[in-house]
Amino acid sequence: MAFQLEFPHKLWILACMVELIREEPLTSISSPIRQKAMTIISNFRMLRPLLGIEEREEILQTCLESVLCLPATEVLQKEASSPEEAQANVVLLDETLQSLQSLMEALVLETPTWMENCLELLDRWLNSQRIHEQERAMSCAARILDFTAKMDNFKMEIEFTRLENLVMLLAKHCQHPAASIRFQSSKAVYQLYCVLLRKKKMQRKTSGLREDDGKIEVYSANVFNQNTFEIAKAFAEFFTQTQLTNLVLMAEEDLTDSRAEVSVASAQLMSALMEERGTDIIEVKEIVENILCLLRLQLEHDTEKETLRAMCSLAGSNTHTVVPMLLKKPFPWDRTLLALWNAFGTQEKSTVKVLQLLIGILENHSIEERTKRDSQPDPVACALYEMLSGSLCHKAIQELYPQLLLALLRHLHWVVKQKDPEEIVVYSKDEGPGSKSKTFDPKRCALEIVKMVVLAGSNEGVMVHADQHKCWDLLICPRFCYLGIMELTSGIVKNCEPAMLHEMLNLVTNLISSSDSDQKVVARAVYAQLLRDQSVTETPGQDFVGNLRKWIKEPNRIMKEIGLCGISNLTAHPGNKSESLKSLVPLLTDLLKNEMRVSVTVQAVKTLQNLIRCGHGGNSKERDPVRITAVSALCRMLSRVCKFSRKHVLREEMHYILVPLLLNFQDNNTEVVKACGEALIEWSKVTGWSPLIRLFRDTSIKDPMLVLEKLCKYLVSTCKTQFLGELLFQSFGFLTSTEPFLQAAALNFIGLIVARINLKDIREDDVHLLKDALQKLKNDPVESNQMLVNTLLEKIEKNINSQPGSASIMSHMKTKFFNILCMNASPRKKRLFKTLHGREIVTSIKKKRVSRTGRWRNG
């Protein structure tokens, strides 16, 4: 029967009720007239004619003002003439408020689609400065929303065209200092959510989709209380793109509100919405510019923190709009921009996306673009420096490590080749006179970024290796930057998992033929050094030898060096690519005919040394021709080294050549012995050890072992203990060779050296190192090697425990008496493996992080 009965006098009676309500005073509540008048209006809802929009607004506006504007309960009690009257006023006020809420329900029931208008009429009191007015208005809002969510004739046509305004208002009140308002606001937010969810379910049912019944159980009024993040998360899906954008813009306006709870709630709402639906925001550039301006206004601390977080989410979801926009900001950058870039490194999800874009920019910079930036600071480098300075972005760096490192190395390689620019201010504080500025050093900045990435993306062993091998000094030097890249890669190979090495290999393989010179040098340098790892050289589908062969044929010195280094690394793995590597020996021979550049020669020495050292498997019939050819090529190369004006550059490599030649000098093949003898003659000329030239020339073929004995005697009598230890340490590597011949040759060499050293003068830890190396062959399957080891260990023990002869007793007593007089009871023993053993100790103990000195900006 609802709305079917016609009552012609309805509108006239309602008009009379409205007039009665208007006549009631707003300063007191002395009679129940307004309460009864509102009840009558509610009862007439069942009769026709229905109220028009203007009539409904007039009735509700009048009733709201008449009730919500009444004094607070405490005031009404205080102004009462007696306690009985005070209590009666409180009861009457409650009943009147209940009648108002019933009236609102009646109006909504009559026209459900008018519900949003009903809430809008409450806006004046919801934003009132009087706490009691806000509380009453919020109670009405919660009541009408609860009624709508549960009404039987719920209509899908119920719309919230200004949903963003309502959510913004309710969310701010959920942070209100007054607990009663927070409670009512939380109820209102929850009921609004229920209304929207019910509407959504009806739409899904109409479309034939399954209902999401369990979602409403996730939220409650308590969940929304003082929890702006959950409010934003719950309502995010219901906003249109325009509503979403409007809500963010409204939140920006409230960031400067003097009430901390309002500004923080606005920032939190904005942050959460950007995280949930940042990709749907329309006016991104306007929002970014607004936030930049607001951040410069010294926001409240928590508000600023949430605003920066909001920008991180926005940058993560609109990376290709936000990041280029910030990079285009002219220098000098202010602290706000630096704070933004620093914040971008604090949230893993957005950090990864921002880093990916910055990597892409570094990778895709054309030569022309980089030339234009020649004399100006690179904004990408400045941005990366700020992002990576914190520790929260380590996970993002680890996820992108190989790609990020390669892009930065390419950038660094380009930067170090440029002329030193004038100091350019990139950051200027704006606090007034006496403020400091920070200048930009592109080389130092690029190097520091590489350090940060290496430290975060790999283990400390890489940093230790880089420090020990002066990698950072090489990287910053225009002439040797490529060597720094190779040395850094070497540290990565030694300390990182094979999976990462293979990932790096896949990345650089696509770049080794790049038209960009910087990219090509970096890719090839990394590619060549990755071959130090055995598993990398076994990667299927890779033509390592073919690529390296092409590089050493190029006229560019650096490319030749890198190619030779790669071949040297390949040859260091016994049996690896043997057939292909054997074919390289003639190529190396031809290469060295007209090559006078020392750096290229050094790499050729290493390659030939490894070929001689490893032999690359097979029987002697297959192995010996390779050794003979390699030794002959080395011999010819050494003969040319004598003409170099900078022979000292090769001095260290000369030390590493000697042991492989002396071991192969013991071969049963006379051709191998002859080739080694000729190479040793040239080696003696280069090192300036003229007494050895005749020794090798006269007796090398007749009796190689006699030559070896005389050589060892000469070495012990003329060389420092440290050099002898270096030769011994190199020979230890051959004790684990897969060729019994090389094991035996190494044992012979060690025995001849040790027999001429007084081990009692050597430190005990060095003697133990010597004995431990020999112990590895004590159970060798080759019986002859076992016998050699046992004999040598016995001689060592005898040497250590031998007593001084009678002829030396007087001398021994004099020495002992002299030591006592000098307050030094025991003579200082010598360090045999000082350099090499000490390096091992440093490697295992030293844990040094990146030095923060020499930062790219001063002041």
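**View 1. Polar contact between Asp-334 and Arg-296.** The side chains of Asp-334 and Arg-296 form a polar contact at 2.5 Å (N or O atoms within 3.5 Å; within protein, one able to donate a hydrogen and the other to accept it, with residues adjacent in sequence counted only if both atoms are side-chain atoms). Asp-334 lies in the loop that joins α17 (319–327) to α18 (335–343); helices are DSSP runs of H or I with at least four residues, numbered from the N terminus. With a relative accessible area of 16%, Asp-334 is buried (under 20% relative accessible area, 1.4 Å probe, protein chains only). The model is predicted, so local features need pLDDT of at least 70 and side-chain atom pairs pLDDT 80 or more, whereas totals for chains, interfaces and linings use all residues. Residues are numbered from 1 along each chain as its sequence is written, and side-chain values use heavy atoms, without hydrogens or water.

**View 2. Helix α42, residues 764–775.** The 12 residues of α42 reach 16 Å from first to last C-alpha, close to the expected 16 Å (1.5 Å times one less than the number of residues). Buried residues of α42 include Asp-766, Val-767, Leu-770, Lys-771 and Leu-774. In an α-helix there are 3.6 residues a turn, so residues three or four places apart point the same way.

**View 3. Cys-69 and Cys-312.** Cys-69 is buried at 18% relative accessibility, and Cys-312 is buried at 1%. The whole structure contains zero disulfides (cysteine sulfur atoms within 2.5 Å).

View 4. In residues 429–433, pLDDT (the predictor's confidence in each residue, from 0 to 100) stays under 50, with four contacts beyond four places in sequence (heavy atoms within 4.5 Å). Residues 805–810 also stay under 50, with zero such contacts.

Methods
Helices (H or I, at least four residues) and strands (E, at least two) are DSSP runs, numbered from the N terminus. Buried means under 20% relative accessible area, exposed over 50%, partly exposed in between (1.4 Å probe, protein chains only).
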